[in-house]
Amino acid sequence: GAFSPVSPTRAAPLTLKSGSLPIDLSGAFLRVGPNPAFWPPQKRTHVFDGDGMVHTVRISGGEALYSCAFMETERWKIEQQLGVE
């Protein structure tokens, strides 16, 4: 579903549906949003709850790469050690 968790991903190439990226275009788009580390949720149910995840699209040399990773806060580290939220 739309609110299911996303697994961390490192440097996954993105494929264009049509056209091409200009070779001299470079930069990054970052998005920070909620992403539950444990599914299904045991106590939180609001869409804005969940652990923070940073999503990035990096563009360089006519190519785009997608990555995402959890923000490793102290709370996130403790939850990972305990295996529960």
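Over how many bridges do strand 3 and strand 4 pair, and in which sense? Strand 3 (residues 51–60) pairs with strand 4 over eight bridges in the antiparallel sense, where two strands count as paired if DSSP finds at least two bridges between them. This is a predicted model, in which local features need pLDDT of at least 70 and side-chain atom pairs count only at pLDDT 80 or more, while totals for chains, interfaces and linings use all residues. Residues are numbered from 1 along each chain as its sequence is written, and side-chain values use heavy atoms, with hydrogens and water left out.

**Overall form**

- The protein has four strands and one helix, and from the N terminus on these elements follow the order β-β-β-β-α; helices (H or I, at least four residues) and strands (E, at least two) are DSSP runs, numbered from the N terminus.
- The radius of gyration of the protein is 16 Å, whereas a compact globule of 85 residues would have one near 12 Å; this radius is taken over C-alpha atoms, and the globule rule is 2.2 Å times the number of residues to the power 0.38.
- Taken along the principal axes, the box filled by the C-alpha atoms is roughly 45 × 25 × 15 Å.
- Of the contacts between residues at least 6 apart in sequence, 65% join residues at least 24 apart, a contact being heavy atoms within 4.5 Å.

**Strand pairing**

- Strand 2 (residues 27–35) pairs with strand 3 in the antiparallel sense over nine bridges, and in this pairing L30 stands opposite T56 of strand 3.
- Strand 1 (residues 9–13) and strand 4 (residues 63–70) run antiparallel and are joined by three bridges, with P13 standing opposite L65 in strand 4.

**Surface and burial**

- The accessible surface of the protein is about 6300 Å², and 58% of this area belongs to carbon and sulfur atoms; accessible areas come from the Shrake-Rupley method with a 1.4 Å probe, and for residues only the protein chains shown count as cover.
- Buried residues account for 20% of the 85 residues, where buried means under 20% relative accessible area, exposed means over 50%, and partly exposed lies in between (1.4 Å probe, protein chains only).
- On the surface, I78, L82 and V84 form a nonpolar patch with about 300 Å² of accessible area together; patches are made of residues with over 30% relative accessible area and no salt bridge, with like charges joined within 9 Å and nonpolar side chains (Val, Leu, Ile, Met, Phe, Trp, Tyr) within 5 Å.

- Side chains of opposite charge can pair when their charged atoms come close.
- A search of the whole structure finds two salt bridges, each defined as a side-chain nitrogen of Lys or Arg within 4 Å of a carboxyl oxygen of Asp or Glu.
- E74 and K77 form a salt bridge whose closest N and O atoms are 3.6 Å apart; these residues are three apart in helix 1, so about one helical turn separates them.
- In that pair, E74 is exposed at 55% relative accessibility, while K77 is partly exposed at 35%.
- E79 and R75 meet in a salt bridge at 2.9 Å, N to O, and because they are four residues apart in helix 1, about one helical turn separates them.
- Here E79 is buried, with a relative accessible area of 4%, whereas R75 is partly exposed at 47%.
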